[in-house]
Amino acid sequence: MMTNRGWLTTFRAVFVAGAAMLALAACSEAPVETASSAGQANNGQANSEQASRSYAEGTYYRVLEHPVQQEQQEPYLVEYLWVGCPACQRFEPIMQGFKAANPNVPIVRRHGVFNQRWALDARMFHAASIAAERDVAVEMLAFYQAQAPELPDFSDLSTFLRQQGLDEQAVFDLADSSEVEAIMEQTLAEMRANNIPGVPAVVVNGRYLVKNPLPNDINTQQDYNQLIEYLLSLD
């Protein structure tokens, strides 16, 4: 990882070189493409179906050899993402739908660092989240989506920080800090150790990686919620 503001120089160089195609290399299809039943009410039949349904290991999820984010208290989810990933942007409403149905299950966001552009975006994402003292994924994913098919440049990101009411200089300083470096190093180590090749990738309780793509029977918000709730129930 680069420090001493070298990342700012690299950011400008990467943008000028046009790294969008390279940046998309590890961006997978979203695990769920539609939330058509997000507003569907649970009823006795749905609850009965959930209770009797089983999710086979290898088909719906994979058990990680090296558990991640073990300092978290269960239950919790970890989502690995890239804010410029179209699949991550499409998947965000599904994550928010799960959060709405399960407000007591925290979601830990970890930004992928597969290449230079991702690493630069990771610095901004984690620095902005630390400065805001909250997860800025919703806003940042929407901002990048609005810029598509281009990726935001340095000036655009400065605008984003001002829109969030954040001190630009403070965020830039944080982006070059050992705190953000440590998050990025840990994220890279976790994804490599567990052979997680792309994003979005969701891990339940640090141990169960949701398959991507999922079987065709997971195609609504309710389906996805039930799968995650099942994985949360495992020992």
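Tutor: Helices are DSSP runs of H or I with at least four residues, strands are runs of E with at least two, and both are numbered from the N terminus. We're looking at a predicted model, where local features need pLDDT of at least 70 and side-chain atom pairs count only at pLDDT 80 or more, while totals for chains, interfaces and linings use all residues. Residues are numbered from 1 along each chain as its sequence is written, and side-chain values use heavy atoms, with hydrogens and water left out.

Student: OK, which loop is the place of Pro-213?

Tutor: Check the backbone on the way in: the peptide bond from Asn-212 to Pro-213 is cis, with omega near 5°. As for the loop, Pro-213 sits between strand S5 (208-210) and helix H10 (221-233).

Student: Which residues touch the most other members of the largest nonpolar core?

Tutor: A nonpolar core is a set of buried Ala, Val, Leu, Ile, Met, Phe, Trp, Tyr and Cys residues joined through side-chain atoms within 4.5 Å. Buried means under 20% relative accessible area, exposed means over 50%, and partly exposed is in between (1.4 Å probe, protein chains only). The largest core has 46 residues, and the members that touch the most others are Tyr-80, Met-140, Leu-161 and Val-199.

Student: Which element gives the most to this core?

Tutor: Several elements each supply at least two residues, among them strand S2 (77-81), helix H4 (86-101), helix H5 (116-132), helix H6 (137-147) and helix H7 (154-163). The top contributor, with seven residues, is H5.

Student: Zooming in, which residues is Leu-161 in contact with, leaving aside neighbours within four places in sequence?

Tutor: Contact means heavy atoms within 4.5 Å. With those sequence neighbours set aside, the partners of Leu-161 are Met-124, Ala-128, Leu-166, Glu-168, Val-171 and Phe-172.

Student: How many residues are in the second, separate core?

Tutor: Its members include Tyr-55, Leu-77, Ile-94 and Leu-227. The size of that second core is 21 residues.

Student: Is the crossing of H5 and H6 left-handed or right-handed?

Tutor: H5 and H6 pack at about 135°, with axes 11 Å apart. Meeting there are Arg-117, Asp-121, Met-124 and Phe-125 in H5 and Ala-137, Met-140 and Tyr-144 in H6. A crossing is left-handed if the near helix is turned anticlockwise from the far one by less than a right angle, and right-handed if clockwise. H5 passes H6 in a crossing that is right-handed.

Student: What about Glu-92: buried or exposed?

Tutor: Glu-92 is found in helix H4. Not counting residues up to four places away, Glu-92 touches Glu-79, Arg-109, Val-138 and Leu-141. With a relative accessible area of 6%, Glu-92 is buried.

Student: How many Å separate the C-alpha atoms of Pro-75 and Leu-232?

Tutor: Pro-75 is in the loop between strand S1 (61-63) and S2, and at 33% relative accessibility Pro-75 counts as partly exposed. Pro-75 and Leu-232 are 157 residues apart in sequence, yet the C-alpha to C-alpha separation is 6.5 Å.

Student: Last one: is Asn-195 buried or exposed?

Tutor: Asn-195 lies in the loop between H9 and S4, and its phi is near 50°, a positive value in a residue other than glycine. At 58% relative accessibility, Asn-195 counts as exposed.

Note on methods:
Axes are lines fitted to C-alpha atoms, for helices over the stretch in contact, and angles run from 0 to 180 degrees between N-to-C directions.
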